[in-house]
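Dear colleague,

I am handing over the structure below, together with notes on what was found in it. Please read the notes with the sequence and the coordinates open beside you.

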Amino acid sequence: MLFIPSGHLVVRADDPSPAALLERAWRNAEETGSYRFVADIDQRLVPRLTAAMLGQGDTSLNLALDGAVVLPDQAYSELRGQGGAGSATVTLLQDGGQSFLLQDGEVKPVESAINLTGQSNDVLAYLAGAENATLLDPQKAIPSSCVSAS
């Protein structure tokens, strides 16, 4: 799910389709050079139908991701597990070609940070592959200054 603030990054487009709005939001973020992001990730893991997986059930994973990007090469990402006793937070920092993990208040260099978008620090780069985008109905939890799409 993507929340697009409609203040400084106007997402109106001649084509009001969800795909056009997402493309415009990504273009605006790139032109601005920096942005913040927030995402709720609900993932359902289903075991494959193999003899080794017999008796295994589905697993649900709920994560919250937020951070900021300063293009072209700086990013801050915080990934939090939601619910359950084993919830943890992972904070990653990227500065140029260097990656760091923030752990127990201490910044530690790492060889390769978990990069959610592949070769780029642009967290919104996944929008390039978005298919079947749909606008969601406004929800009370979403500020009125935002547009949401999934």
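E6 and E7 form a hairpin with two residues between them, and Asp-104, which lies in the turn, has a positive phi of about 55°. The pairing of E6 with E7 is antiparallel and runs over five bridges; Gln-103 has Glu-106 in E7 as its bridge partner. Strands (E, at least two residues) and helices (H or I, at least four residues) are taken here as DSSP runs, numbered from the N terminus, and two strands count as paired if DSSP finds at least two bridges between them.

Please keep in mind that this is a predicted model, in which local features need pLDDT of at least 70 and side-chain atom pairs count only at pLDDT 80 or more, whereas totals for chains, interfaces and linings use all residues. Residues are numbered from 1 along each chain as its sequence is written, and side-chain values use heavy atoms, with hydrogens and water left out.

A hairpin is also formed by E5 and E6, again with two residues between the strands, and Gly-96 in that turn has a positive phi of about 65°. Strand E5 (residues 89-95) and strand E6 (residues 98-103) are antiparallel and share five bridges. On the E4 side, strand E4 (residues 74-81) pairs with E5 in the antiparallel sense over seven bridges, and Arg-80 has Thr-89 in E5 as its bridge partner.

These strands belong to an open sheet of six, in the order E2-E3-E4-E5-E6-E7, with antiparallel pairing. Its edges are E2 and strand E7 (106-110), each of which pairs on one side only. On average, neighbouring strands of this sheet are turned by 20° against each other, direction ignored, with the axes being lines fitted to C-alpha atoms. For the chain as a whole, there are one helix and eight strands, which follow the pattern β-α-β-β-β-β-β-β-β along the sequence.

Is Glu-78 buried or exposed? Glu-78 has a relative accessible area of 19% and therefore counts as buried, the class being under 20% relative accessible area with a 1.4 Å probe and protein chains only. The side chain of Glu-78 makes a polar contact of 3.0 Å with that of Tyr-76; such a contact is a pair of N or O atoms within 3.5 Å, where, within protein, one must be able to donate a hydrogen and the other to accept it. Beyond its neighbours within four places in sequence, Glu-78 is in contact (heavy atoms within 4.5 Å) with Ala-64, Leu-65, Asp-66, Thr-89, Val-90 and Thr-91.

The largest nonpolar core has 12 residues, including Leu-22, Trp-26, Tyr-35, Phe-37, Leu-65 and Leu-124. Helix H1 (18-32), strand E2 (34-45) and strand E3 (59-70) each supply at least two residues of this core. A core of this kind is a set of buried Ala, Val, Leu, Ile, Met, Phe, Trp, Tyr and Cys residues joined through side-chain atoms within 4.5 Å.

Finally, buried residues make up 27% of the 150 residues in the chain, and of the contacts between residues at least 6 apart in sequence, 40% join residues at least 24 apart.

With best regards

Definitions and conventions
Buried means under 20% relative accessible area, exposed over 50%, partly exposed in between (1.4 Å probe, protein chains only). Axes are lines fitted to C-alpha atoms, for helices over the stretch in contact, and angles run from 0 to 180 degrees between N-to-C directions.
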